[in-house]
Amino acid sequence: MASVHESLYFNPMMTNGVVHANVFGIKDWVTPYKIAVLVLLNEMGRTGEGAVSLMERRRLNQLLLPLLQGPDITLSKLYKLIEESCPQLANSVQIRIKLMAEGELKDMEQFFDDLSDSFSGTEPEVHKTSVVGLFLRHMILAYSKLSFSQVFKLYTALQQYFQNGEKKTVEDADMELTNREEGERKMEKEELDVSIREEEVSCSGPLSQKQAEFFLSQQASLLKNDETKALTPASLQKELNNLLKFNPDFAEAHYLSYLNNLRVQDVFSSTHSLLHYFDRLILTGAESKSNGEEGYGRSLRYAALNLAALHCRFGHYQQAELALQEAIRIAQESNDHVCLQHCLSWLYVLGQKRSDSYVLLEHSVKKAVHFGLPYLASLGIQSLVQQRAFAGKTANKLMDALKDSDLLHWKHSLSELIDISIAQKTAIWRLYGRSTMALQQAQMLLSMNSLESVNAGVQQNNTESFAVALCHLAELHAEQGCFAAASEVLKHLKERFPPNSQHAQLWMLCDQKIQFDRAMNDGKYHLADSLVTGITALNSIEGVYRKAIVLQAQNQMSEAHKLLQKLLIHCQRIRNTEMVISVLLSVAELYWRSSSPAIALPVLLQALALSKEYRLQYLASETVLNLAFAQLILGIPEQALSLLHMAIEPILADGAVLDKGRAMFLVAKCQVASAASYDPPKKAEALEAAIENLNEAKNYFAKVDCKEQIRDVVYFQARLYHTLGKTQERNRCAMLFRQLHQELPSHGVPLINHL
Amino acid sequence: MASSPSVVPVAVTAAVIPVLSPSSDFSNLREIKKQLLLIAGLTRERGLLHSSKWSAELAFSLPALPLAELQPPPPITEEDAQDMDAYTLAKAYFDVKEYDRAAHFLHGCNSKKAYFLYMYSRYLSGEKKKDDETVDSLGPLEKGQVKNEALRELRVELSKKHQARELDGFGLYLYGVVLRKLDLVKEAIDVFVEATHVLPLHWGAWLELCNLITDKEMLKFLSLPDTWMKEFFLAHIYTELQLIEEALQKYQNLIDVGFSKSSYIVSQIAVAYHNIRDIDKALSIFNELRKQDPYRIENMDTFSNLLYVRSMKSELSYLAHNLCEIDKYRVETCCVIGNYYSLRSQHEKAALYFQRALKLNPRYLGAWTLMGHEYMEMKNTSAAIQAYRHAIEVNKRDYRAWYGLGQTYEILKMPFYCLYYYRRAHQLRPNDSRMLVALGECYEKLNQLVEAKKCYWRAYAVGDVEKMALVKLAKLHEQLTESEQAAQCYIKYIQDIYSCGEIVEHLEESTAFRYLAQYYFKCKLWDEASTCAQKCCAFNDTREEGKALLRQILQLRNQGETPSTEMPAPFFLPASLSANNTPTRRVSPLNLSSVTP
């Protein structure tokens with residue numbers, strides 16, 4: 001359908017529908033739209049200070065840049081835009097274009113002759129090197145290069161452009177007034193346009209190289225920083241195809257198309273686009289003599305490297321490695337250390353999937369610093385920190401490292417890395433079980449964002465780090481029982497990262513985990529079970545673990561045990577310590593639920609040792625809870641109580657509400673158990689204290705809707721009141737228990753036998 | 001054509017239809033000849049020169065008619081008589097390429113013929129203006145969309161007529177052409193099919209259809225008129241779709257019914273043989289063709305390709321000079337000259353001539369690829385990549401360009417990178433061993449020996465052209481110390497060579513014998529080992545080793561270690577191995593593109 005646009009949008013660089021943008025080294029050319037903009041500029045210069053108010057002038061100035069950079073738009077749209085900022089000027093622009101279009105060719109020629117006047121004089125209206133000045137000069141130059149027939153074509157194109165604009169306004173104004181004959185003619189026109197109409201909506205004619213470059217860079221940065229604001233994959237592809245149709249040599253469009261295809265996870269098209277891009281790039285690299293052989297070889301290396309990245313992204317690790325080897329070999333042959341550095345980082349990324357290779361990473365960081373590649377260096381440091389965190393290094397060292405790299409970021413203003421660094425701190429604090437610190441870091445990242453929007457430069461709203469921080473935020477809120485807040489955060493996530501976008505998996509997993517936890521608290525095991533599949537799809541290890549928990553809750557002990565053992569072996573192999581400890585805890589729970597707490601003890605001790613070694617405080621206190629419970633069952637409540645005193649502080653400070661409740665409940669149980677040997681007055685005192693603790697536990701449980709636990713607490717309280725002889729309170733608790741018990745029939749588990 | 005006959009035949013629809021609805025078989029060659037002559041006249045009157053040429057050529061290949069049988073020109077209708085003056089004037093203008101002028105004088109004419117000429121001149125005028133603009137600019141770098149201002153208007157007018165069913169066969173043809181130029185492929189196909197129904201004799205409509213049909217499936221779903229023209233169409237499209245066997249069959253049938261003198265058919269057969277790389281046959285047919293029709297330029301580029309492949313320098317030089325004398329500004333001529341220079345290793349000049357060919361016709365696909373090859377020879381890889389990419393842009397299915405790109409990257413020592421390109425080429429030509437061998441070599445370089453083995457085996461199974469796959473396979477097995485398989489491969493290789501009977505120097509023959517000698521030696525099959533060792537002695541590079549081995553065998557035999565002499569060994573092949581040969585030649589299932597595109 002190229003022919004259609006060509007009549008509307010005159011373009012002298014185009015022959016056979018192909019734009020030869022670089023023929024004369026001109027990136028821009030005169031089109032009717034550009035003439036309209038020129039008229040606007042001219043008018044702005046002509047109207048004196050007084051005619052246009054300051055506000056209007058400011059609005060106009062703001063309007064100018066998008067007009068100069070953006071794609072061509074129709075005349076009526078242009079009028080509308082000008083009218084919005086300054087109606088008076090719109091009118092005069094309209095009149096001048098009308099005069100020019102309805103006049104003769106010499107009007108246009110005169111207009112261009114007069115244009116250069118704005119530079120002359122002692123106090124020129126336009127400075128030669130200003131944005132507007134450059135635009136004007138470009139246009140004048142482009143115009144004077146036009147040949148005889150091209151000038152005439154430009155003029156006819158202008159007339160047509162004007163008429164189309166007029167027609168539109170007439171259509172809008174009075175449809176009825178058009179007489180019959182004209183209507184018939186229009187019918188004919190419309191018939192022609194039928195097949196074109198839909199296309200015209202999105203692609204408004206060929207872009208000049210400048211416009212195309214602007215479009216591409218804009219979309220590329222949007223894709224990176226804020227995917228939702230970029231065009232949808234389908235429409236972006238359409239635009240790109242259109243662009244390539246008019247200018248097949250525009251290699252960057254292929255690269256954008258590669259990025260676009262990555263968005264929709266299309267391996268075939270993205271490979272195709274990537275290779276096409278580099279084929280084309282090699283061509284232009286060879287053409288520009290300044291780079292010569294050097295530039296040509298360079299693009300080859302990066303071509304292989306990019307191919308490796310592509311395969312890695314799609315999970316073809318073997319292919320990625322082959323491509324990477326190739327890139328490394330070529331880079332080595334030509335002594336390109338910078339490229340080698342990039343390769344090294346990728347090598348680490350690939351190695352990460354197999355075994356830990358921090359040596360590689362350390363090398364990479366050192367070398368990157370040496371070659372002055374701050375981005376790579378900090379990225380390396382961040383990966384290193386992540387790895388060390390999993391390997392159980394102390395927090396202060398990690399934080400120190402992060403702080404140092406932060407210095408580097410601020411110095412080079414690598415805002416993207418700053419975000420990552422904060423998100424990483426959030427994650428590390430959570431890993432160590434410091435929820436307050438994690439919360440604070442996450443909030444910091446989010447408010448950083450609002451800080452940045454002030455300077456309006458690069459807005460990085462939808463990067464991965466934001467997704468990570470928001471997910472943590474949601475989970476933290478859920479832990480504290482603020483489910484409404486959590487779901488609010490998730491809703492926000494869903495809006496920001498629509499389900500088919502790159503980072504959507506993060507919140508999907510987070511969402512399902514929260515739902516699962518709630519279902520488990522509520523005792524709706526079937527619901528939890530149905531969520532397991534979803535979780536498994538996103539993270540298989542997590543899925544298996546959750547499945548085991550559900551089985552355990554449903555009293556299918558042997559299946560659960562089998563699953564947990566398998567998971568344990570797997571996690572030990574891939575050194576996922578966090579999961580190992582969780583699994584060990586579940587195994588221990590299995591043991592004491594099957595009335596063999598003695599076997600649970602060594603398992604728990606192992607878990608404790610691990611969590612102490614890796615400084616996972618959250619898991620450590622959970623383990624202590626379990627240990628204390630095991631001791632209680634084994635009949636040494638005093639021991640359990642002293643153990644609990646050790647653990648209770650971090651739990652109350654940082655733990656989840658559920659854990660707080662469980663801890664208090666356990667304390668009460670231990671108090672009661674140890675009070676058995678006391679003499680009556682002291683015993684009564686101890687029991688009172690236990691009742692207090694139980695009340696606290698009940699409050700915690702109520703926050704997260706743990707009906708089952710509340711039932712247990714109430715039962716226990718009723719028994720205690722009974723012992724103390726407080727009938728009224730006892731009856732109240734007993735009634736509460738009865739209500740709850742009717743709601744959830746117990747599954748035959750001894751009530752007390754529960755942490 | 002100003003002196004065209006004053007008695008002008010009528011519009012095609014009503015009067016001539018009995019003549020123009022040809023039968024579906026070739027029983028009546030005279031009738032066919034009459035029809036051909038008639039349609040040649042009709043197309044000539046409408047300025048459809050190529051169709052006219054085709055019909056006339058075909059008619060010429062049939063025996064001449066006696067005077068009594070000659071068709072009288074169809075009678076004139078009232079409408080025709082009215083438009084006669086305008087038509088005569090306009091046709092004269094048309095013939096001197098003043099299209100706008102012709103259209104001006106034909107405006108308002110009612111007869112079908114005048115109307116067609118009116119529309120056709122408008123169309124051609126648009127095309128000519130478009131071409132004129134192209135001349136201003138940059139030559140071969142042009143490609144992409146065509147811009148013909150007149151197309152839209154023509155489409156609207158023709159579609160109105162089409163809906164009113166006022167278009168005759170020629171009108172439908174023009175409507176189809178306009179649609180195709182506007183990239184409305186589906187509509188265009190429908191219109192062309194309709195055109196072939198209304199006027200089956202018009203070759204132009206069939207030819208346009210050929211260009212629009214991209215695969216066999218599409219062909220199946222077309223409802224085409226059942227005429228003898230259909231046979232020509234089918235044969236042509238089979239050639240286009242690389243279904244060479246079927247095409248050759250069809251052409252043979254046509255020759256059998258009496259078109260043996262047609263140069264069109266002969267040239268098509270030659271092209272078909274070229275496509276399946278049956279070089280000798282193609283060459284002989286082309287030589288025959290040149291004798292019949294010495295001033296023919298069409299298809300001579302294919303002929304020159306063949307001469308090039310066989311490195312027949314003098315013949316190519318003769319052809320180039322001859323064509324240059326006939327017409328040096330033809331795409332084919334430039335291509336032949338390019339090939340000639342390339343064969344003489346003057347690659348700069350060759351590239352220049354290919355560029356000239358592209359200047360003459362930017363959509364001439366072959367030249368892009370050939371230019372890529374030239375740049376490769378000049379070690380200008382980036383220019384080569386550019387040329388190949390252009391070729392792919394013109395036609396995505398050009399396997400040679402994909403293959404060329406792969407080769408370029410292989411030269412740049414990027415074996416993994418070029419895998420993609422070779423795979424593309426392999427997809428387009430699944431049964432071409434060259435791509436498979438190239439793929440195998442890449443895998444070998446990447447140390448993916450399993451994949452490499454698969455490729456080589458497959459290359460052998462689909463019929464190896466260069467006879468290298470087996471040796472490479474054998475060497476791979478050798479590397480992996482799978483001596484049994486290696487020996488088998490070498491045996492098959494030697495069998496292949498001997499069964500071919502060609503006395504082309506095979507460097508690997510000595511390697512094969514040496515390995516086999518050693519293999520049999522290790523297996524203590526003394527007879528076979530000594531046979532092979534003796535064979536080794538026939539080659540320079542293995543002579544010493546062969547002799548040494550023979551001595552060793554003799555020694556060991558003298559020591560009395562001859563346990564395996566009872567085994568019957570008529571030739572140096574053990575019976576078990578040669579029996580193995582047939583069943584293993586099946587094509588094992590192979591999934592080359594499993595992981596990446």
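B:Lys379 is found in the loop between helices α20 (365-377) and α21 (381-394) of chain B. Helices here are DSSP runs of H or I with at least four residues, strands are runs of E with at least two, and both are numbered from the N terminus. The model is predicted, so local features need pLDDT of at least 70, side-chain atom pairs count only at pLDDT 80 or more, and totals for chains, interfaces and linings use all residues. Residues are numbered from 1 along each chain as its sequence is written, and chains are lettered from A in the order in which they are written.

Phi of B:Lys379 is near 65°, a positive value in a residue other than glycine. Most residues other than glycine have a negative phi. B:Lys379 is exposed, because its relative accessible area is 69%; exposed means over 50%, buried under 20%, and partly exposed in between (1.4 Å probe, protein chains only). B:Ser345 also has a positive phi, near 60°. This serine sits in the loop between α18 (331-343) and α19 (347-360) of chain B.

Chain B as a whole has 31 helices and zero strands. Of its 597 residues, 54% are buried.

B:Leu37 lies in helix α2 (residues 29-45) of chain B. At 38% relative accessibility, B:Leu37 counts as partly exposed.

Note on methods:
Side-chain values use heavy atoms; hydrogens and water are left out.
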